[in-house]
Amino acid sequence: LHLAHAQLNLLGWIGMAVIGTLFVLWPAVLRTRMPAQASMLVPWTLTCTVGGLTVLVAGVLAGSTGLVVAGGIGFAVGVVLAVVPMLLSLPGQPSRSPSAW
């Protein structure tokens with residue numbers, strides 16, 4: 001139970017909050033618009049991260065290494081899907097403001 005609780009805290013509360021915040025704040029920091037693909041990728045990101053975390057925690061509780069690995073891969077796919085629109089929103093000249101660094 002302790003390990004499952006730690007995974008829910010780290011990946012669920014902290015990880016998902018950071019991913020969601022970056023969808024909103026990254027374009028604002030760079031003073032640009034989020035690409036059109038972002039609105040299509042947000043539901044997939046949420047599905048992969050929540051589904052992956054659910055499978056991961058179920059695997060920890062069941063003691064199944066295969067479920068833990070599958071859940072971790074699902075969560076990682078969600079993170080990659082979240083990073084794609086952020087990379088696409090980078091302007092040609094990177095911002096030199098302290099907030100962007």
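**Figure 1. Thr45 and the residues around it.** Leaving aside its neighbours within four places in sequence, Thr45 is in contact with Ile19, Phe23, Gly78, Leu81 and Ala82. This is a predicted model, so keep in mind that you are looking at a prediction. Is Thr45 buried or exposed? Thr45 counts as buried, because its relative accessibility is 3% and the cut-off for buried is under 20%.

**Figure 2. Ala82, one of the partners of Thr45.** Ala82 is found in helix 3. With a relative accessibility of 2%, Ala82 counts as buried too, because buried means under 20%. Which residues does Ala82 touch, once those up to four places away in sequence are not counted? They are Ile19, Phe23 and Thr45. Ile19 and Phe23 also turn up among the contacts of Thr45. Now look for Trp26: its C-alpha atom and that of Ala82 are separated by 11 Å, while the two residues are 56 residues apart along the chain.

**Figure 3. The whole chain, for orientation.** Step back for a moment and count the helices. The secondary structure comes to three helices and zero strands, and reading along the sequence gives the pattern α-α-α. The C-alpha atoms fill a box of roughly 50 × 25 × 15 Å, taken along the principal axes. How much of the chain is buried? Of its 101 residues, 27% count as buried. Take the contacts with a separation of 6 or more: 74% of them are accounted for by residues 24 or more positions apart.

**Figure 4. Helix 2 from end to end.** Helix 2 has 26 residues, and from its first C-alpha to its last it reaches 37 Å, close to the 38 Å expected at 1.5 Å a residue. Which of its residues are buried? The list runs Ala38, Leu41, Thr45, Thr49, Gly52, Leu53, Leu56, Val57 and Gly59. As you trace these, remember that an α-helix has 3.6 residues a turn, so residues three or four places apart point the same way. The cover over the buried residues of helix 2 includes helix 1 and helix 3.

**Figure 5. Helix 1 against helix 2.** Two packed helices are described by the angle between their axes and the distance between the axes. For helix 1 and helix 2, the axes come within 9 Å and cross at roughly 170 degrees. Helix 1 and helix 2 are therefore roughly antiparallel to each other, because angles over 145 degrees count that way. On the helix 1 side, the contact is made by Leu3, Ala4, Gln7, Leu8, Leu11, Gly12, Met16, Ile19 and Phe23. Helix 2 brings Val42, Thr45, Leu46, Thr49, Val50, Leu53, Leu56, Val57, Val60 and Leu61. Sorted by class, this contact has 15 nonpolar, four polar and no charged residues.

**Figure 6. Helix 1 against helix 3.** These two helices pack at an angle of about 15 degrees, with their axes 10 Å apart. Making the contact are Leu11, Met16, Ile19, Leu22, Phe23 and Trp26 from helix 1, together with Phe75, Val79, Ala82, Pro85 and Met86 from helix 3. By class, that is 11 nonpolar residues, no polar ones and no charged ones.

Figure 7. Helix 3 covers residues 65-88, so 24 residues in total. From its first C-alpha to its last it reaches 35 Å, close to the 34 Å expected at 1.5 Å a residue. Its buried residues are Gly71, Gly74, Phe75, Gly78, Ala82, Pro85 and Met86, and what covers them includes helix 1 and helix 2. Helix 2 and helix 3 pack at an angle of about 160 degrees, with their axes 7 Å apart. Helix 2 and helix 3 are therefore roughly antiparallel to each other, and their crossing is left-handed. The residues of this contact divide into 19 nonpolar, nine polar and no charged.

Definitions and conventions. Residues are numbered from 1 along each chain as its sequence is written. This is a predicted model: local features need pLDDT of at least 70, side-chain atom pairs count only at pLDDT 80 or more; totals for chains, interfaces and linings use all residues. Side-chain values use heavy atoms; hydrogens and water are left out. Buried means under 20% relative accessible area, exposed over 50%, partly exposed in between (1.4 Å probe, protein chains only). Contact means heavy atoms within 4.5 Å. Helices (H or I, at least four residues) and strands (E, at least two) are DSSP runs, numbered from the N terminus. The expected span of a helix is 1.5 Å times one less than its number of residues. Axes are lines fitted to C-alpha atoms, for helices over the stretch in contact, and angles run from 0 to 180 degrees between N-to-C directions. Ala, Val, Leu, Ile, Met, Phe, Trp, Tyr, Cys and Pro count as nonpolar, Asp, Glu, Lys and Arg as charged, and the others, Gly among them, as polar. Angles under 35 degrees count as roughly parallel, over 145 as roughly antiparallel, 65 to 115 as roughly perpendicular and the rest as oblique. A crossing is left-handed if the near helix is turned anticlockwise from the far one by less than a right angle, and right-handed if clockwise.
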